[in-house]
Amino acid sequence: MAESRRASADYRRDSALYDEEAIAAVDKFRADRGQTYQGNAPGLEARLINALRAAYFEKKAAAKKWSCENTMRMCLVALLVTATVSAQSTAPQKPKYPALPSETPAEFKPVTDDFDFVRRDVMIPMRDSVRLHTVILVPKIALGKTSAPILLTRTPYNATALTSHAESSHLGSVLFGYDNATDVIVEGGYIRVVQDVRGKYGSEGDYVMNRPLRGPLNPTPVDHATDTYDTIDWLVKNVPESNGKVGILGISYDGFLPLMALFHPHPALKVSVPMNPMVDGWMGDDWFHNGAFRQFGLGFIYSQEATRSNDVKWWSTHADDYDEFMRGGSAGEMGRRRGLKQLGFWQKIVEHPAYDAFWREQAVDKLLAKEPLTVPVMLVHSLWDQEDIYGAISVYKAIEPKDTANDKVFLVMGPWYHGQEIGDGSTLGPLRFGSDTALYFRQRLLRPFLDHYLKDGAGDHRIAPVTAFETGTNEWQSLTTWPAGCAGSCAVKPTPLYLGQRLTLGFEAPHPGDAPFDEYISDPAKPVPYQARPIQSKTWSQWLVTDQREASGRPDVLAFASAPLATPVKISGQPMVNLVASTSGTDSDWVVKLVDVYPDQVPGRPELGGYQLAVSMDIFRGRYREGYETAKAITPTRRCCTRGHCRRRTTYSWRAIGSWCRCNRAGSRSTTAIRRRSCATSSLRRRAIIARRRSASIMRRVRPASSSCRWLAADGRGCSRSYLLRKCGRFHNVLWAERRRTTSPIFMQRGVRRT
C-alpha cells in the first residue's frame, strides 16, 4: 500500500494537466477490486497507478492533453501485459481463433439454488479505511427474516478455508472442521461469520502477531478491539437477517481474539467464548514457559509471518525432530540459517528473552484485570492442552472476582488436547472417558449458553459457574468456584507432599538425620526429550498423555515413589513446587511432573500395564529464580531456595503442574503399582527447550486400586538448545531434600470416598 501511495503522490505532484476524473477512475477501481479480488490487491493497484502515470506522460509528451477515457484504456492495456486481472475488471476479449473459440465463458456464475445456505464475501471497512475480508454464511431458513443471531470468529488462518472444508451444498459439511462448533452453529440456525484479521489472506493492512492494544506497544489508532467493534457495527447494520445480537468465539489464536473483544465492547456483543486462548506468551502459552523457549514455535512463526497467505512453509530435515534440533545447535542458530531474522516477531523474541514490559504489557489476563466486566464470558480449558494450557485459567483468576453476582464468568474444563472440544472427545491417547465429552460440552453447555444470550425467549441456560470433568470416575462436576473439593462445602486445604531419603515420597515430613540430598549427572549433549522418540508432528496433539517410562528410567532423572496409599485422596486446584537445588553449572532448566503409574497388569487393557500417565507438568529456567524480569546466573554448587508463588515471588518456586482433582483408594501393591490413583510423580527433569507447561486446572478422580506416588526429578541444564545459551559440558546437580522447603503444596482432601 505504501508503494501505491508513493506512486499516487508522484502522479499528483508531476501532472501539469492533472485530471480529477483519472484519479476518480483509480478510486473506482479500488472500490470494485474490493468486491472481486482477494489476492495481493495493493500490488495490483500499484501497477495500475504506475501504468496510469506512464500513459499520462507518454500522452503529455505527444499531445499535451490528457483524457480520462484514453487514460483508462491505456491502463487496461498495460495491466493486461503485466498481470492477470479478474474478468470483472477487463473487457471481454475476442477469440484468437473464432472458428474454434474457448469453451470457458468470460464469467461463470455458479447456480446454487439447492444450497441450504447463502455465501457472501465482503470487505468490511475499519475506522482507518483498511478493509477486512469477511465470509458470511446465512442459512436459507433465515432469509427474509430478522431473527438470526451472528456467531463471529476472527482468524489469521484463512477465513475462506475455515468456511470451505468441503465442496458441498450443505452448511454442516462446509463448516465441519477447524474452527467451527458445527452442530451448534447449524442446529442453532446461526449466521456464521469468519473474518481474516488485518494483514492476513484477503484482508488489507499490516499483520502483527497478537497485535497489542493501543498504547505503549501499539502507537497506531487500531487494534483487535477496534477492529472487532467496527466489524460488529457493520454486521448488525448490513446483514438484514440478523437480530442485532452477536457472539464471538474461537480456539487458540482465534480464542485470543474473543478476549480482545472485551475491551470497550460493542453494545451488540452479547457473549464471548474464548477456547484454549493465547493469553501470556512468556509465562505459559506458546512461546515460553517460565523463561524456557519452546522450539516448536520456530515453524509457526516462520509460516505465519513470512507471507500474507502462509504459502511459505517450514521444512524438516530429519524424520525425528530431536535429531533436527540437535543438529541445529540452538534455536537462534536455526533461525539464522532459515532466515527468521527477516520476520518482525522473531526479532522481538530475540530482543526480549526475559519477562520485561514487552510481555507484561500485552498479557491479556493482566489487562482484563483492570477492565470493567460487561459481557458474559465462557472460558474453555483443555486439561491436556499441549499449546495454550496457561491462558484460560489465568484469565479466570483475573476476572472472576469482578463477577460478584456469579452470572458473568463461566469456566469449563474438559479432558481434551488443544481444540479437541469441537471434535470427538470420547478418548485421548490411551484414555477412555466412557462418553463423548466434547459432544456433551457443545450440546449441554455451549449451545444453551449461546442461545440464552443471543436468542430471544431462549430461557435460562442453567449452567454452573464452573463445570469440570473428573477423569477416572468420568463424571462432570458442577461447582460454584475453582478450586473446589465438591459441589457442596467440602473443605480444601494446602497439603504438603515431601521428598524423602532413598527416593521416597509421602505426606510425612522428613526426619532430622535423614540424608539431606540426592544427586545425579546431567549431560546437555544428551538432553531428555519431551516425549518418546521419534518426535514427529503427528504425535504433537497427544504428547502430554504419552507413556513416561522412557524418561523416568533415565540415569539423569530422579524418581521419588510413595508407598501404597492407605486412604483415598482427592486433589483439586493448582499444585505448586518448592525446590531447593544446586548445580555445578551457571543455569538450569528444571521440569516437574506428576505421573500416575498404572498397575503392572490392567485387566482388559494390557497396553496400560505399568503405564505412566503424566497428570501435569511444567518447566522453570533457573536464571529467573530471583525474578522473571532479569536473568541472573546461578552460583555453581550454591543452593537455590524455592518457595512461594511461581509468578510473583523472587524465589525458585513455580506452579509447576495443573490444577487437578483425583481420588486414590488404598491397596496392597508395590510402590510402582498405581491404578488411577493420586500418584504424585513429580519430575525435575532435564528436557529439550520445547518443554510443555501443564498448568491451569485439571480434575482427576480415580477408581479404587492399589497405588503409590512417584516424584521424578531430573536435571534441566539451561543450555538445552535455547537460542539464548551456548553449548556447555556435563554438570553435577544436587537435589536437596530439606524439610519444609522441599514440599509440594497441593490442595487435597483426605478420606474422600465414592460409591
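How do the residues of the lining of the largest pocket divide into nonpolar, polar and charged? The model that answers this is a predicted one. In it, the lining of the largest pocket divides into 16 nonpolar, 13 polar and five charged residues.

Start with that pocket. Its volume is about 940 Å³. The pocket is lined by 34 residues, and the closest to its centre are Phe296, Phe300, Glu387, Ser537 and Trp540. Two elements, α10 (297-305) and α11 (321-328), each give two or more residues to this lining. The most comes from α10, which gives four residues.

Glu387 leads on to Asp385. The side chain of Asp385 reaches the backbone nitrogen of Glu387 at 2.8 Å. Asp385 sits in the loop between β9 (377-382) and α16 (391-399). Is Asp385 buried or exposed? Its relative accessible area is 0%, so Asp385 is buried, given that buried means under 20%. Gln542 is 157 residues away from Asp385 in sequence. In space, the two are 8.8 Å apart, C-alpha to C-alpha.

Next comes helix α16, at the end of that loop. Eight of its nine residues are buried, so α16 is largely enclosed by the rest of the structure. The buried residues are Gly391, Ala392, Ile393, Ser394, Val395, Tyr396, Ala398 and Ile399.

Rolling a probe the size of a water molecule over the atoms shows where empty space is left. The structure holds 10 cavities of 30 Å³ or more. About 190 Å³ of space lies in the largest cavity. Which residues lie nearest the centre of the largest cavity? They are Asn210, Phe256, Val279, Gly281 and Gln362, out of 19 lining residues. The elements α9 (253-260) and α15 (364-368) each give two or more residues to this lining. By type, the lining of the largest cavity divides into 13 nonpolar, three polar and three charged residues.

Aromatic rings are the next topic. The structure holds 31 aromatic pairs. One of them joins Trp282 and Phe288, with 6.1 Å from centre to centre and 25° between the planes. This pair is stacked. Both Trp282 and Phe288 are buried. A second pair is that of Phe433 and Phe469. Their planes stand at 80° and their ring centres are 5.8 Å apart, so this pair is edge-to-face. Phe433 lies in the loop between β12 (431-432) and α17 (437-454), while Phe469 lies in strand β13. The pair therefore ties together parts that are 36 residues apart in sequence. Phe433 is buried, with a relative accessible area of 2%. Phe469 also counts as buried, at 1% relative accessibility.

Trp282 and Phe288 belong to one aromatic cluster.

Strand β13 (residues 466-472) pairs with strand β14 (residues 475-479) in the antiparallel sense, over five bridges. Thr467 stands opposite Ser478 in β14. How many residues lie between β13 and β14? There are two, and the strands form a hairpin. In the turn, Asn474 has a positive phi of about 55°.

Key:
Residues numbered from 1 in each chain as written. Predicted model: local features only at pLDDT ≥ 70, side-chain atom pairs only at ≥ 80, totals over all residues. Heavy atoms only, no water. Pairing = 2+ DSSP bridges. 1 Å grid on protein atoms, 1.4 Å probe; cavity = no way out; pocket = protein on both sides within 12 Å on 5 of 7 lines; lining within 4 Å. Points joined across faces, edges and corners; volume = space filled by probe spheres on them. Nonpolar A, V, L, I, M, F, W, Y, C, P; charged D, E, K, R; others polar. Buried < 20%, exposed > 50% of the residue type's maximum accessible area, 1.4 Å probe, protein only. Polar contact = N/O pair within 3.5 Å; in protein donor to acceptor, adjacent residues only side chain to side chain. Phe/Tyr/Trp six-rings, centres within 6.5 Å; stacked < 30°, edge-to-face > 60°.
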